[in-house]
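Reader: Hi! Could you walk me through this structure before I set anything up? I'd like to go through it piece by piece.

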Amino acid sequence: MKRGFYTIMSAQFVSSLADNALFVAAVELLRTSGAAEWQRAALVPMFALFYVVLAPFVGAFADSMPKGNVMFISNAIKVVGCLLMLFGLHPLLAYAVVGLGAAAYSPAKYGILTELLPASQLVKANGWIEGLTIASIILGILLGGQLVGQALASRMLSIDLPLLDTGLDTAPEAAIFVLIFIYAVAAWFNLRIPHTGVEMRPMPANLLHLVPDFWTCNSRLWRDKLGQISLATTTLIWGVSGNLRYIILAWSAAALSYSTTQASALSGVVALGTAVGAVVASMRMRLDMATSVMPMGIAMGLLVILMNFITNVWVAAPFLILLGAIGGFMVVPMNALLQHRGHNLMGAGRSIAVQNFNEQACILGLGAFYSLSTGMGLSAFGAITAFGVVVAGVMWIIQRWHRSNCVNYRDEVEHLLKIARHDNPHG
């Protein structure tokens, strides 16, 4: 790997660490303020909101300047969201601002991989960066849980700075204050990401011109016989896993009577399995083998439903590791294939923006459904069953779709697979 790749990994790790710790802190902030459970569940779709609304613009923004600069600006927006949360803005609105920073960050984070590395290294690069991201999720969730826990929070709140009244009165507020400094470390790494030498594409004077361009890019990926399969798969997996992050917190409280700190540790177990699956996929899978992982998606959906029958943490931990490993093994090659097709069709930033739009729209839709259902009385067990059925059923449909493509568009699929086997974008 080129030296700049490790700087990118470092920046991604620290930023993702803060993102996941902030999620736990925001959940606890709402809980301690007496907010209804549906508001806590709504944190997930609120984070996804700007991914969907600004999808036509963030890809072009990522392609308009060096990716490291884009990532620096995005981290600054996340810091603004944290400050707004501390200064009294409703946590859901402030968390949406953090989601705005994340929406701008993502096309740059993944887009730079296709600028820096050849196609033959994309699966390996995705495996490492996803594995490191998952590691940051584990540590971030654990960090967030510890920061809002009574033991550490009481020490932070007892610190008395002379001539300065911080205004921090609760454990979640102290946790958010600490996370601002972690985002600052991520920004320091962002400024050290090297330029890749790829020609920048300036933003148009009239930003509304980007809307039809975005929908053209979106249509182009959905028409591509490999792009559509990888896009559909990653959209579904990320849509469900994004919401499972909160559902596992709710399930831990319902099935195991866990506090937020304890439940955050169990959420990290899923991420641990995902990291293992991602690293194994990076070593065992090739770009042209990506579509072979689809049957695992059906199995993953069925396994989700089995969570309802687990009441013991010693059974839950290995089960959640297995569940995470399947997801990690699936996402890495599919993500790499989608990046490869998108880069060839429209450029790195725009293709990642299209991917984010579809994936986050799925998170937003499923999250809104879960929040609404919770407000109407649906239990965590019912939500888990619904999610498992959706994953298994839709993955079966996607698998049938790909088999149909292999029969009806055999020559086109073979040509695209040939391109995926070579670093030359023209095959």
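**Contacts and rings**

Author: Happy to. Leaving out residues up to four places away in sequence, N190 touches A11, G68, M71, F72, N75 and Y105. Bear in mind that this is a predicted model.

Reader: Thanks! Which helix is N190 found in, and is N190 buried or exposed?

Author: N190 is found in helix α9, residues 171-190. With a relative accessibility of 1%, N190 counts as buried.

Reader: You mentioned Y105. What lies over the face of Y105?

Author: That would be K78, at 4.6 Å from the ring centre of Y105. There is also K225, whose charged end sits over the ring of Y409, 4.0 Å from its centre.

Reader: Nice. On to ring pairs: how many aromatic pairs does a search of the whole structure find?

Author: Nine aromatic pairs turn up in that search. Take F47 and Y51: their ring centres are 6.2 Å apart and the planes are at 45°, so this pair is tilted.

Reader: Where do F47 and Y51 sit along their helix?

Author: Both are in helix α3, residues 43-53, and because they are four residues apart, about one helical turn separates them. As a rule, an α-helix has 3.6 residues a turn, so residues three or four places apart point the same way. F47 and Y51 are both buried.

Reader: And what about F47 and Y95, how are their rings arranged?

Author: The ring centres of F47 and Y95 are 5.2 Å apart with the planes at 35°, so that pair is tilted. It links distant parts of the chain, since F47 belongs to helix α3 and Y95 to helix α6 (residues 91-116), 48 residues apart.

Reader: What accessibility do you get for F47 and for Y95?

Author: F47 has 14% relative accessibility and counts as buried. Y95 comes in at 1%, so Y95 counts as buried.

Reader: Which residues form one aromatic cluster with F47?

Author: The cluster is made of F23, F47, Y51 and Y95.

Reader: Okay, changing topic to α10. What should its span be, and what do its end C-alpha atoms give?

Author: Helix α10 covers residues 210-223, which is 14 residues, so at 1.5 Å a residue the span should be 20 Å. The end C-alpha atoms are 20 Å apart, which agrees.

Reader: Good check. Which residues of α10 are buried, and where do they fall around the axis?

Author: The buried ones are L210, F214, C217, N218 and L221. Looking down the axis of α10, these buried residues fall within an arc of 100°, so they line one face of the helix.

Reader: Now I321, please. Where does I321 lie, and what is I321 in contact with?

Author: I321 lies in helix α14, residues 313-346. Setting aside neighbours within four places in sequence, I321 is in contact with V269, L272 and G273. Its relative accessibility is 32%, so I321 counts as partly exposed.

Reader: How far apart are I321 and S219?

Author: They are 102 residues apart in sequence and 36 Å apart in space, C-alpha to C-alpha.

Reader: Last one, on the backbone: what is phi of S257 near?

Author: Phi of S257 is near 60°, a positive value in a residue other than glycine. S257 lies in the loop between α11 (227-256) and α12 (260-284).

Reader: Is S257 buried or exposed there?

Author: S257 counts as exposed, because its relative accessibility is 62%.

Technical notes
Residues are numbered from 1 along each chain as its sequence is written. This is a predicted model: local features need pLDDT of at least 70, side-chain atom pairs count only at pLDDT 80 or more; totals for chains, interfaces and linings use all residues. Side-chain values use heavy atoms; hydrogens and water are left out. Helices (H or I, at least four residues) and strands (E, at least two) are DSSP runs, numbered from the N terminus. The expected span of a helix is 1.5 Å times one less than its number of residues. Buried means under 20% relative accessible area, exposed over 50%, partly exposed in between (1.4 Å probe, protein chains only). The arc is that of the directions from the helix axis to the C-beta atoms. Contact means heavy atoms within 4.5 Å. Rings of Phe, Tyr and Trp (its six-membered ring) pair if their centres lie within 6.5 Å; planes under 30 degrees apart count as stacked, over 60 as edge-to-face and the rest as tilted. A charge sits over a ring if NZ of Lys or CZ of Arg is within 6 Å of the ring centre and within 35 degrees of the ring normal.
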